[in-house]
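Let's take a walk through this fold together. Keep the viewer open and follow along.

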Amino acid sequence: MQQSDGTPNEPAIGTLAAGLQKRLAGAEGAFWDLPRCCEVAAYTSGGVPRDAIRILHSAVLSAAKSGKVNAANLNQGLNELRQDIAQSLSSDELKKVALVGKSLNHEGDLSLISKNAILPYDLPDRRYWLPHPVLRNLIGAPKVF
């Protein structure tokens, strides 16, 4: 859900967020701000619906005692996804992820693709690759969203 310069792809985020909101229709009262939660999950999932749902699912479980998903619960969901992806990477692979963020090329490393550490994005004339957004702080990239 990022453009090649790393900024959020607002139309794509909006589309996925709208789909998440439809899926959660009737659960609005369980979220402090359902539209914002869905936007954050859409962006930080990198556009991978399964990851967006995992983020929101973990946030709901984290909020079980309080009864309402807030920003802290959403961060818990993000942290769980980050941990799942990062645990599959060696320190050398994490360095390669950072290089992909600079080159926009997968550098021929298929293991990074299979581990969901880097994600493809398509333009009309080319495909580019970026690190999964939840890994940004692990590779020294600035947070965008």
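Which residue just after α2 takes a positive phi? That's Gly-46, with a phi of about 75 degrees. Before going further, a few ground rules. You're looking at a predicted model, in which local features need pLDDT of at least 70 and side-chain atom pairs count only at pLDDT 80 or more, while totals for chains, interfaces and linings use all residues. Residues are numbered from 1 along each chain as its sequence is written, and side-chain values use heavy atoms, with hydrogens and water left out.

How confident is the predictor? The mean pLDDT (the predictor's confidence in each residue, from 0 to 100) is 90 for the protein, and 97% of the residues score at least 70.

Now the overall layout. There are six helices and two strands, where helices (H or I, at least four residues) and strands (E, at least two) are DSSP runs numbered from the N terminus. Along the sequence they follow the pattern α-α-α-α-α-α-β-β. The radius of gyration, taken over C-alpha atoms, is 15 Å, which agrees with the value near 15 Å for a compact globule of 145 residues; that rule is 2.2 Å times the number of residues to the power 0.38. Along its principal axes, the C-alpha trace spans about 45 × 35 × 25 Å. As for the inside, 39% of the 145 residues count as buried, meaning under 20% relative accessible area, with exposed being over 50% and partly exposed in between (1.4 Å probe, protein chains only).

Start at helix α1, residues 10-23. Its 14 residues reach 20 Å from first C-alpha to last, close to the 20 Å expected at 1.5 Å a residue (the expected span is 1.5 Å times one less than the number of residues). Its buried residues are Ile-13, Leu-16, Ala-17 and Leu-20. They sit on the same side of α1 because they cover an arc of only 100 degrees around the axis, judged by the directions from the helix axis to the C-beta atoms. The face turned away from that buried side carries the exposed Pro-11, Thr-15 and Lys-22. So what does the buried side of α1 pack against? Its partners are α2 (34-44) and α3 (49-62), with contact meaning heavy atoms within 4.5 Å.

Helix α2 is largely enclosed by the rest of the structure, because eight of its eleven residues are buried. Among them are Leu-34, Cys-37, Cys-38 and Tyr-43, and the buried residues of α2 pack against α1, α3 and α4. Pro-35 also lies in α2, but at 36% relative accessibility it counts as partly exposed.

Over in α3 you'll find Ser-58, which is buried at a relative accessible area of 11%. Leaving out residues up to four places away in sequence, Ser-58 touches Gly-77 and Glu-80.

Finally, the aromatics. The count comes to one aromatic pair, using rings of Phe, Tyr and Trp (its six-membered ring) with centres within 6.5 Å; planes under 30 degrees apart count as stacked, over 60 as edge-to-face and the rest as tilted. Tyr-121 and Tyr-128 make up that stacked pair, at 5.7 Å centre to centre with 25 degrees between the planes. Both Tyr-121 and Tyr-128 are buried.
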